[in-house]
Amino acid sequence: MKKLMFFAVAFALLISCGQQEQKSEMDTFISDLMSQMTVQEKIGQLNLVTPGGGILTGSVVSTDVENKIKTGRVGGIFGIYGPENLRQAQQMAVEESRLGIPMIFGADVIHGYKTTFPIPLGISASWDMELIEKTARIAAQEATADGIFWNFSPMVDIARDPRWGRVAEGAGEDPFLGSRVSEAMVRGYQQDDLTRENTMMSTVKHMALYGASEAGRDYNTVDMSRNRMFNDYMPPYKAAVDAGVGCVMTSFNDVDGIPASGNRWLLTELLRDDWGFEGFVVSDYTSINEMIAHGMGDLQTVSALALKAGLDMDMVGEGFLTTLEKSLEEGKVTEAEIDLACRRVLEAKYKLGLFEDPYRYFDALRPEKKILTAENRQAAREVAARSFVLLKNDNKFLPLKKSGTVALIGPLADNKNNMLGTWAPTGDPQLSVPVLDGIKNVAGDAVSVLYAKGANISDDPVFAAKVNVFGTRIDIDERSPEVMLREAVNTARRADVVVAVVGEATEMSGESGNRTNLDVPESQKKLIRALAETGKPLVLVLMAGRPLTIEEEVELADAILLTWHPGVEAGNAIADVLFGNYNPSGKLTMTFPRNVGQIPIYYAHRNTGRPQAGDEFEKFKTNYLDSPNSPLFSFGYGLSYTTFEYSDVSLSKTTISANETLEAKVTVTNTGEYDGEEVVQLYIRDVVTSITRPVKELKGFQKISLKAGESKEVSFTLSEEDLKFYNYDLDFVAEPGEFVVFIGTSSDEVKEARFVLE
Ligand code: BGC
């Protein structure tokens, strides 16, 4: 044993010596390079441009890019794709600029490259970290084959306000789950080896707190206590840093009164000094310039502020490029500060192996072999099926039998334009499988399928125009709503079962896709009501980029399958689940409110001094006159075609001291008729604490698979580490006292036991 320990220590030392050596080689190389650079060239490395042509998320596009590259004034480019294009651009830098420093090429590869997976909020609902890592790995394989090796993903902003459109891009409301997803994505993209031709540098974003934009309005102000910041919002960014993420992107909002892009406490003291981040920091799209509107001064002032704060690369705004030299002359920044930022950008290039071979990602033959392969599409189909959440299934109505007549109805039923979801700039909607095709593929001739559109996604042309900025997502039919509705009702009457595919168009969520009304649009509500009135069994396939307020639809439908925006294999995956080839196992990672007035709503809330036990109104308790407190569907909720029964929770000890662990166990039994998977969730509550703490916090989960009738014991190990939180002084501590352990099938359906930490 001792011998083994010796070897382990010696090996670790060897590795760390090796890393040291590599680092000092890198330092020497970069110092040598920098000694040849003019100040202008150093500032040039801090400039990130986008030449346009792709999706632009700001009103500015870079100009005169070619000339800037050749004169050493561009450090990186994003938003152009393909080995040929990128090789050409790289040649300009390497062969025509004075020092030939290669550029870094980035893109937003958010949920797959060309093989588009479900939106990230959907992927997170799989609670399957291996699967999530695999999506990132496939994305990296495809993106690098197309010349992109720096990714602006994962987005890990904790989101508790579904009015905010960007909830679609993250992993939902919970810091523990969000952190696990964050690590898995970074691992998937980087694979612990950035020099490989099929891995890419990952960027965690948006640092920090972007998901807490007031009123769910994008880019809005954020004001938050340090307690909430550290305990609830910071963990997923930190998890990415701990997983070795290469880059951090700042957010648009302010953090404690100072915009993130100019916030030295955030970008240097916390990120680098406390967390030990060693990569580089990039701004968001013109977020340095936007500090002018935040009231922080003119372009020169805000650019200096950003550099001094620890921001290294300026996305699109060119504040660095146009003002830093002047600031240097005027003594407003130092050359050491410019050097530091330049060094960090060059280090990223070094780690990617660009100085060895700047063309390593530009093999013209790779795209054909690596992108959208049958294997990748199959993965997209499986991931999509695993991301779906069965919200309702009265009388075990689903799965459908592969016989009889299905009326497939709804504006999203035979629709390619809305399958990929938001932030899929590299995906091709035309390659996606509509639900109508999927049902035919899966059910074949055994089922006769009738189709009617039934309604527009929205009848409102003004709303549609806002959603359709990057192409038609809401297509208003030439026929009147009444004619379409009549056709749908007649179609429904001729079928045994109605499957209505309804919900949001893709760009109704995502960046700048905020809503104050989270209902299914009125045009579709009318359709759903009319279909329910026919008395035919009604299944809703609900597509959405966020939690919606669907209390009425839950009443009207027999079954509801939430499919998010499912990606390129949408229709096939949906049919797989509807017809029982796959038994749904997804669980919500964001609470579904009953109404917008309940927002923000999340399970891990603190207690009030006047908590209310149930949903019964009591005067002078914390509640509403016109709504229960409880959500429509809580975090962790999701049904299966089978049923699971949980035993009581048993603990191996009822008291533990600081360096002990305890086992919390349950036995889960599949009591239904189908094999299935279940996400077993463990929460804790710290009963007495020095600062207010959540009523319940996720601390563990396991996805298990059980054959019909099978039982499994599921065991979680808890240690003092799992009980720690940031106290008032922001020390990460566990406080002795009583804890409740909850284990169950969702955050609001659990069994409990208690123990004491001495
Ligand atoms: C978004 C970022 C994105 C960037 C580059 C911004 O508008 O906030 O998430 O990475 O654009 O496309």
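**Packing, rings, charges and cavities**

Reader: Let's start with helix α11 (residues 299-309): which of its residues are buried?

Author: Gladly, with a word on the ground rules: this is a predicted model, where local features need pLDDT of at least 70, side-chain atom pairs count only at pLDDT 80 or more, and totals for chains, interfaces and linings use all residues. Residues are numbered from 1 along each chain as its sequence is written, and side-chain values use heavy atoms, with hydrogens and water left out. A helix here is a DSSP run of H or I with at least four residues, a strand a run of E with at least two, both numbered from the N terminus; buried means under 20% relative accessible area, exposed over 50% and partly exposed in between, with a 1.4 Å probe and protein chains only. In α11 the buried residues are Gln300, Val302, Ser303, Ala304, Ala306, Leu307 and Ala309.

Reader: Moving on to glutamine 524, is its side chain's residue buried or exposed, and at what relative accessible area?

Author: Glutamine 524 belongs to helix α19 (residues 522-533). Leaving out residues up to four places away in sequence, glutamine 524 touches Pro411, Ala455, Asn456, Ile457, Val502 and Gly503. Glutamine 524 counts as buried because its relative accessible area is 0%.

Reader: How many aromatic pairs does the structure hold?

Author: Rings of Phe, Tyr and Trp (its six-membered ring) pair if their centres lie within 6.5 Å; planes under 30 degrees apart are stacked, over 60 edge-to-face and the rest tilted. By that count the structure holds 26.

Reader: What about phenylalanine 739 and phenylalanine 755: how are their rings arranged?

Author: Both phenylalanine 739 and phenylalanine 755 are buried. The centres are 5.4 Å apart and the planes 15°, which makes the pair stacked. This pair links distant parts of the chain, 16 residues apart: phenylalanine 739 is in strand β26 (residues 737-746) and phenylalanine 755 in strand β27 (residues 749-757).

Reader: Which arginine lies over the face of phenylalanine 176?

Author: Phenylalanine 176 is part of a cluster that ring pairs build from Trp127, Phe176, Tyr603, Phe635, Tyr683 and Phe701. A charge sits over a ring if NZ of Lys or CZ of Arg is within 6 Å of the ring centre and within 35 degrees of the ring normal. At 4.8 Å from the ring centre of phenylalanine 176, the residue is arginine 180.

Reader: How many salt bridges are there?

Author: The rule asks for a side-chain nitrogen of Lys or Arg within 4 Å of a carboxyl oxygen of Asp or Glu. The count comes to 45.

Reader: How far apart in sequence are the parts that aspartate 615 and arginine 594 tie together?

Author: Aspartate 615 is partly exposed at 38% relative accessible area, whereas arginine 594 is buried at 19%. Their salt bridge has its closest N and O atoms 3.9 Å apart. Both lie in the loop between α21 (570-578) and β17 (644-646), so the pair ties together parts whose separation in sequence is 21 residues.

Reader: How close are the N and O atoms in the salt bridge of arginine 693 and glutamate 697?

Author: Arginine 693 is buried, at 7% relative accessible area, and glutamate 697 is buried at 15%. Their closest N and O atoms are apart by 2.9 Å.

Reader: Last one: which element gives the most to the lining of the second largest cavity?

Author: On a 1 Å grid over the protein atoms alone, a cavity is a set of points where a 1.4 Å probe fits but cannot get out, and lining residues have an atom within 4 Å of a point. Of its 21 lining residues, the closest to the centre are Ile110, Pro120, Glu169, Val181 and Met185. With four residues, the element that gives the most is α7.

Technical notes
Contact = heavy atoms within 4.5 Å. 1 Å grid on protein atoms, 1.4 Å probe; cavity = no way out; pocket = protein on both sides within 12 Å on 5 of 7 lines; lining within 4 Å.
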